[in-house]
Structures are given as C-alpha cells and as structure tokens.
Amino acid sequence: MSELRAVAVACANIAFIKFWGKRDAELNLPANSSLSMNLEGLTTVTTVEFSPAYDDDLVILDGQEVRGKTRQRIVAHLDRVRGMAGLRARARVISENSFPPGAGLASSASGFAALSLAASRAAGLALSERELSILARFGSGSACRSIPAGFTEWEAGTGSEDSFARQVAPPEHWDLRDVIAIVSRAHKRVGSTEGHALAPTSHLYPARVASVADRLAQARAALLEKDLATLGPLIEEDAISMHAVMMTSRPPIYYWLPASIRLMHQVQSWRDEGLEVYFTFDAGPNVHLICQAADQAEVERRLRDVEDVLEVMVSGPGPATQETEDPSYHRE
Ligand code: PMV
C-alpha cells in the first residue's frame, strides 16, 4: 500500500432523536442535538489514494463513476482534508456500500464517515475521534454520529469546535435491533439538504426544536437503563415530530407512503398484543422497527407476512469507523 492510500469502513446509523433543520448551513451545525445507534453490517468501505500523478479527483461508488452534485460534495470534502494536510495531490476514491443503493437507506452517514477517515489517513493526518467527527459533520451531519462506536450523541454545541458526536454507550451495552422494512426502493424526491433548509418554514418547527432537549435527555437515560418501554415511545414521538415538520413545511414534503402508515398501525397492534416493538423513520418511507434481540425473530416473521414489505434487513449496534484491509477488488 502506498503512503498516500488508506481504506476505512463505517456503519450507517439510525437516529432515535433526529437531526432535522440547521442553525448554520455553512458549518453544518444542527438546530438540536441528536442520538443514534450505529448499524452493524450496513457499511460503506472507502479507499482513498492521493497521487501527484492524478490530474483530477475520480470518485467511483458501487462500481460507477460519480458525477454532478454528489461528486462536487465529495470533492469539497477532499478539499477540506487537503487544506488540513497542506496537500495538493488529486485523489481516487473508491467506495462500496454493503446495502443495496435502492433500499432507501441513507448512505451519506456511512459514506462521509468512511471518507473522512480514509482521506485524512491517506493525507497523513492522525485525527482524534473528536476531530474526525467534526470533519465528518461537514460532509453530512448524521455522518458525525457514525464515528464513535455503538450509541452516540451529537451535541449541537455552541460552534464548530464543540459540535461533534461522543459515545453514550458501547455496542455491547444493549443488544437492540433495527429490523428494517423496505416498502419502496424509489429514489426520494427531496434530499435531506433541501429538507433541512425547508424545516424553518414549518409553523411546528419552533415547537419541535424547543421540545427536543427534554426528549433527548429522557431517551439517553432510558438507553442507559436499557428501558425500552420508556425509550420506545420517545423514539416514535420524535420521528412523528420530525415528519410533522416535514409535512407542514412550505412546500410540504411527504416521505410516507400508504404502506408506511399501514405499518405504523400494524406496529401499534402488535404492541397491544404484547410484542415490544417501536417504529421510526428517516427522510423516507421505509420503516425501522426497534426491538430487543429476543423479539427480533418474531418481528421479522410478522413483517414477512405483510404484503407491502418488499425486503427485510436486520441490524444491531455497530462499531466505530475504523481503518480496514484493502478489499480485494481494489488490489491491482
Ligand atoms: O445527515 P443528513 O443531512 O443527511 O440528515 C439526516 C436526517 C435524518 O436522517 C432524517 C435524521 C437523522 O438524524 O439521521
């Protein structure tokens, strides 16, 4: 492996308390703190190699050369790293997601977390976890939460230097599961960058922002106590609060499909029957069902009987973003 090359792997994450809306778009500072769980096995592996021989940055994602806005975002991130390292060389970035790109799972969190570590190491930088989380935040807010292992909290902070994610509990603290029900593979019409910018146009936004800190404190305490009966309703409430803001933005954004709402009802009735499971959503129609390991098989079994569900994926608490072996497909 050449000196200016590094490979990193990062997990996606699911937020229990969501980030929706920014107080500073340039610095990517959130309106509120958020809390999430890294998703084991739902990963991005990214190789970055800088070389004076390259005349331009080249980005390959899942075997396809990336162009347009996505490329620009990645090049801007490489520029940040080059700026920090005093490096001018262009880069080759090769990135592979373990989850299908059409599954509607946010790949920006794992993508920018892996890119931050691979690019900074390839550029010869040895960043601390905090510095890496700050760097990842610039790429995509939620990416900063994928840097530490397990359950992490992104503190909104007072400025760029104290707005980063820390570990709340390691992965082995609690074997929670995220059973993901894919109800649509369609590409979302409104991306999160645009969505964050619309959030302040909702009359519900100030109420959401004002209520998050309390909810987060209660959710963090319940997480530390491994108390799903307390944590679950807070997770649902926060997802509903975020989608209420989305649906009342100007123009409104409707991420839910009829199948998403049918599953929300389904989860409520399963709970009435004694199955301890709660739902949450990202900026999309797919439903994340949160339960304990002992209930995973039953949740999965029931989901597979639901006609709307195209695919089910299961994950648990995942590790930190870390350097990894050069994957074989990268070997020359
Ligand atoms: O990191 P971004 O800018 O893609 O925003 C993520 C937004 C949500 O996934 C909807 C919520 C969250 O906190 O992960």
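Q: Where is the place of Lys226?
A: Lys226 sits in the loop between α5 (205–225) and α6. Helices (H or I, at least four residues) and strands (E, at least two) are DSSP runs, numbered from the N terminus. This is a predicted model: local features need pLDDT of at least 70, side-chain atom pairs count only at pLDDT 80 or more, and totals for chains, interfaces and linings use all residues. Residues are numbered from 1 along each chain as its sequence is written, and side-chain values use heavy atoms, with hydrogens and water left out.

Q: Why does Lys226 count as partly exposed?
A: Its relative accessibility is 44%. Buried means under 20% relative accessible area, exposed over 50%, and partly exposed in between (1.4 Å probe, protein chains only). The value for Lys226 falls in between, so Lys226 is partly exposed.

Q: What is the phi of Lys226, a residue other than glycine?
A: Phi of Lys226 is near 55 degrees, a positive value. Asn28 is not a glycine either, and has a positive phi of about 55 degrees.

Q: Is Asn28 buried or exposed?
A: Asn28 has a relative accessible area of 5%, so Asn28 is buried. Asn28 lies in the loop between β2 (22–24) and β3 (29–30).

Q: Why is the pair of Trp256 and Phe281 called tilted?
A: Rings of Phe, Tyr and Trp (its six-membered ring) pair if their centres lie within 6.5 Å; planes under 30 degrees apart count as stacked, over 60 as edge-to-face and the rest as tilted. Here the centres are 5.3 Å apart and the planes stand at 50 degrees, so the pair is tilted.

Q: Which parts of the chain does this pair link?
A: The pair links distant parts, 25 residues apart. Trp256 is in the loop between α6 (228–247) and α7 (258–272), and Phe281 is in the loop between β11 (277–280) and β12 (287–292). Trp256, Phe279 and Phe281 form one aromatic cluster.

Q: Why is Phe281 called buried?
A: Phe281 has a relative accessible area of 0%, so Phe281 is buried. Trp256, at 15%, is buried too.

Q: What makes Arg137 count as lying over the face of Phe138?
A: A charge sits over a ring if NZ of Lys or CZ of Arg is within 6 Å of the ring centre and within 35 degrees of the ring normal. Arg137 lies at 4.7 Å from the ring centre of Phe138, so the distance meets the cut-off.

Q: Why is Thr321 called buried?
A: The relative accessible area of Thr321 is 9%, so Thr321 is buried. Thr321 lies in the loop between β13 (311–315) and β14 (322–323). A polar atom of its side chain lies 2.8 Å from the backbone oxygen of Ser146.

Technical notes: A polar contact is a pair of N or O atoms within 3.5 Å; within protein, one must be able to donate a hydrogen and the other to accept it, and residues adjacent in sequence count only if both atoms are side-chain atoms.
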